[in-house]
Amino acid sequence: MKLFNRTFGEYLQFAKVGVYLLALVSLVRFLMKPVFNIPFAEGTHFTSVTILLPILMIVYALRAGSAGFGSYRDLLGIAAALAIPTTAFIVLGIAVDSLAGIETYYTDPDHGGNINQWLHVGGHLLVTGVVYSLILWGLGSLVHLATGASRKKAMA
């Protein structure tokens, strides 16, 4: 039994604007403290991929039906296409931060930055990559169901 109806690349292509937006927000988040000198408490909500991901999932769940990605398996593919690159952006931010000794939002000492960097990376691989993909899939499925996109269209 296949997990997705299409290749992962097709889901990435469908959600590429969202992935680019997530990359941009991840980069701005990385630069907020070392370049712009904005404290974590003041800027973290404006550069949060955790807030942006559900918004993008709702948008893509609404677009999925009209673009031919209307099944629940397709929604799982879209959720993974959003969450997996985000995980890579976060892991890259943590790695650059830890290896270069730059203090950024990704390893802020007051918000989990004091833990072992490999535990931090592993936590993001598990939570953002796997768990958050499933949460986004559930959210997208609820939107899909609520908008009636899961029902077959009547033939005239």
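Predicted model: local features only at pLDDT ≥ 70, side-chain atom pairs only at ≥ 80, totals over all residues.
Colleague: What do helix, axis and oblique stand for here?

Modeller: Helices are DSSP runs (H or I, at least four residues), numbered from the N terminus. Axes are lines fitted to C-alpha atoms, for helices over the stretch in contact, and angles run from 0 to 180 degrees between N-to-C directions. Under 35 degrees counts as roughly parallel, over 145 as roughly antiparallel, 65 to 115 as roughly perpendicular, and the rest as oblique.

Colleague: Which residues of helix 4 and helix 6 make the contact?

Modeller: Contact means heavy atoms within 4.5 Å. Helix 4 brings residues including Thr50, Leu53 and Met57, and helix 6 brings Tyr132, Leu136 and Leu139 among others.

Colleague: How do helix 5 and helix 6 cross?

Modeller: The axes of helix 5 (residues 72-100) and helix 6 (residues 117-146) come within 8 Å and cross at roughly 155 degrees. That makes helix 5 roughly antiparallel to helix 6.

Colleague: And what about helix 2 and helix 4?

Modeller: For helix 2 (residues 16-31) and helix 4, the axes come within 11 Å, crossing at roughly 170 degrees. So helix 2 is roughly antiparallel to helix 4. Among the residues that meet are Leu21 and Leu22 in helix 2, and Leu52 and Leu56 in helix 4.

Colleague: How do I read a pocket?

Modeller: Rolling a probe the size of a water molecule over the atoms shows where empty space is left. On a 1 Å grid over the protein atoms alone, with a 1.4 Å probe, a pocket is an open set of points with protein on both sides within 12 Å along at least five of seven lines; lining residues have an atom within 4 Å of a point.

Colleague: How many residues line the largest pocket, and which lie nearest its centre?

Modeller: There are 19 lining residues, and Arg29, Val49, Thr50, Ile90 and His124 lie nearest the centre. Helix 6 gives the most to this lining, with 6 residues.

Notes:
Residues numbered from 1 in each chain as written. Heavy atoms only, no water. Helix = DSSP H or I, 4+ residues; strand = E, 2+ residues; numbered from the N terminus.
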